[in-house]
Amino acid sequence: MRARQWAVVALAGVAGFAAVFLCIALMTTGRPTGEAAGIPAIGGPFELVDDNGKPVSDKQLVGKPFAMYFGYTFCPEVCPTTLLDLSRWIKDLGSDADKLNYAFVSIDPERDTPKLLHMYLSSFDPHIRGFTGTSEQIAKIAREYRVYYKKVPTENGSYVMDHSSIMYLMGADGKMASAIVYQEDDASALKKLRSLITTSPSS
Amino acid sequence: MRTFSSLAFIAVLIVAASTTACAQAAKTSIVVEDPYARATPAGALSGAAYMTLENKTNAADRLIGASSNVAAQVQIHEMSMVNGVMQMRQLANGLPVPAGESVALKPGGYHVMLIGLKKQLTAGETLPLTLTFEKAGNISVTVPIKAMGSMQDSHGGMGNMDGMQNTKPGGMGTMEMK
């Protein structure tokens, strides 16, 4: 009976892994025909402002593969942790770090001015650029990247944001290659970043 | 006669023991263990503080508010990750601290949210924090500020600190990853 129960658990585990694997396989290999197969493409054109107050568009990012993360400076935990992780990975990449672009896109443009973003990012690796924009511009890029974000009011007129915590790894062609989840371990994240550099070299 | 005196002696002992216990229970109510705040990036207007609250009484209590002179306001929040989406919610009714139990405020869960920071929280410094409980009233603590990277170890099994009276220096709470 015991062995049988274990077998069921093992089978369920295998099935779970298979499902996840299939999902990843679909996300990666299915990309070129993704739209035809009903999987919406992730990524797209955008026009925003960088943390130096200069206009920036997708055209300045593509050509090199890039890592993109959506968050906000008012975020007490998840965003600083992610940016700290990313800073450590950039350092670990060494000279290869320059083969990628890195962007932190604010989903709280109301509070995140270019100036605030610039100051905030000074606490992290200098490779990471900050992007913000009008509410409409942010809504557009969030739609393109399938990013979920929502303003949640708290007491005394303040608010926090719910937001997707995934880091998008985009190829030099601007199409999604893979993703890093929140608090993914260093080895796994670095493997993905290195693979992004080799499989999607700068054009 | 002999039996009577030993019985009396035992009775006295029991009375003495229970009064001591009562006195202790009255003295210790809520104990705040291992408080720490995370250093903030430059310009950040919010921060978070973590700790373990131990209720040593036999009555349920509730953390209903907090204040600090480094922030415009302080709220009690709960963070959760739902399908990859980070969600934060203010606990409108406060955070219950059941009788005789410990509640951990830690990364990925409950935290004291410092809103409208008046200065950057720098590692190595401290900040004053007053916690307000429904029954225990105000408890003031000095909260050490730790490097941003020190949160990394927090999901490494700090767990519930049930029954742990004091934490030694150099325990999980003070570890830093660099």
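Q: What pLDDT does chain A average, and what share of the residues score at least 70?

A: Start with confidence, since this is a predicted model. Chain A averages a pLDDT of 85. In chain A, 79% of the residues score at least 70. One stretch calls for care. Over residues 17–36 of chain A the pLDDT is below 50. Beyond near neighbours in sequence, that stretch has nine contacts in the model.

Q: How many helices and strands are there in chain A?

A: Take the inventory before the details. Chain A has six helices and nine strands. Buried residues account for 37% of its 203 residues. Take the contacts in chain A between residues at least 6 apart in sequence: 68% of them join residues at least 24 apart.

Q: In which sense do S1(A) and S2(A) run, and how many bridges join them?

A: Work along the pairs and look for the residues that face each other. S1(A) and S2(A) run antiparallel, joined by three bridges. A:Leu48 has A:Val56 in S2(A) as its bridge partner. The hairpin of these two strands has four residues between them. There, A:Gly53 takes a positive phi near 80°.

Next comes the pair S1(A) and S5(A), antiparallel over two bridges. Here A:Asp50 stands opposite A:Phe131 in S5(A).

At the other end of the strand order, S8(A) and S9(A) pair over four bridges, again in the antiparallel sense. A:Met170 stands opposite A:Met176 in S9(A).

Q: How far does helix H3 of chain A reach from its first C-alpha to its last?

A: Compare the span with the expected one. H3 covers residues 78–93 of chain A, 16 residues in all, and reaches 22 Å. That is close to the 22 Å expected at 1.5 Å a residue. The residue after the helix is A:Gly94, with a positive phi near 60°.

Q: Is H3(A) mostly covered or mostly open, and how many of its 16 residues are buried?

A: Count the buried residues, then ask what they meet. H3(A) is mostly covered, with twelve of 16 residues buried. Among them are A:Val78, A:Cys79, A:Leu86, A:Trp89 and A:Ile90. The buried residues pack against strand S3 (66–71), strand S4 (101–106), strand S5 (128–132), strand S8 (167–170) and helix H6 (186–199) of chain A. S5 of chain B is also packed against them.

Q: Why does A:Leu83 count as buried?

A: Count neighbours around the C-beta; the cut-off is 20 or more within 10 Å. A:Leu83 is buried because it has 24 C-beta neighbours inside 10 Å. This residue is found in helix H3 of chain A. Leaving out residues up to four places away in sequence, A:Leu83 touches A:Phe104, A:Phe124 and A:Ile128. A:Phe131 is 48 residues from A:Leu83 along the chain, and their C-alpha atoms are separated by 14 Å.

Q: How many residues of chain B are in contact with chain A?

A: Read an interface by residue counts, then by elements, then by class. In this model, 25 residues of chain B contact 28 residues of chain A. On the chain B side, the elements giving two or more residues are strand S2 (46–55), strand S4 (71–82), strand S5 (85–90) and strand S8 (110–117). S5(B) gives the most, with five residues. By class, this side of chain B has 15 nonpolar, ten polar and no charged residues.

Q: Which strand of chain A is joined to S5(B)?

A: Check for bridges between chains as well as within them. Strand S7 (residues 159–164) of chain A is joined to S5(B) by two bridges, and the two strands run antiparallel. A:His163 stands opposite B:Met86 in S5(B).

Methods. Residues are numbered from 1 along each chain as its sequence is written. Chains are lettered from A and ligands numbered from 1 in the order in which they are written. This is a predicted model: local features need pLDDT of at least 70, side-chain atom pairs count only at pLDDT 80 or more; totals for chains, interfaces and linings use all residues. pLDDT is the predictor's confidence in each residue, from 0 to 100. Two residues are in contact if their C-beta atoms, placed from the backbone, lie within 7 Å. Ala, Val, Leu, Ile, Met, Phe, Trp, Tyr, Cys and Pro count as nonpolar, Asp, Glu, Lys and Arg as charged, and the others, Gly among them, as polar. Two strands pair if DSSP finds at least two bridges between them. The expected span of a helix is 1.5 Å times one less than its number of residues.
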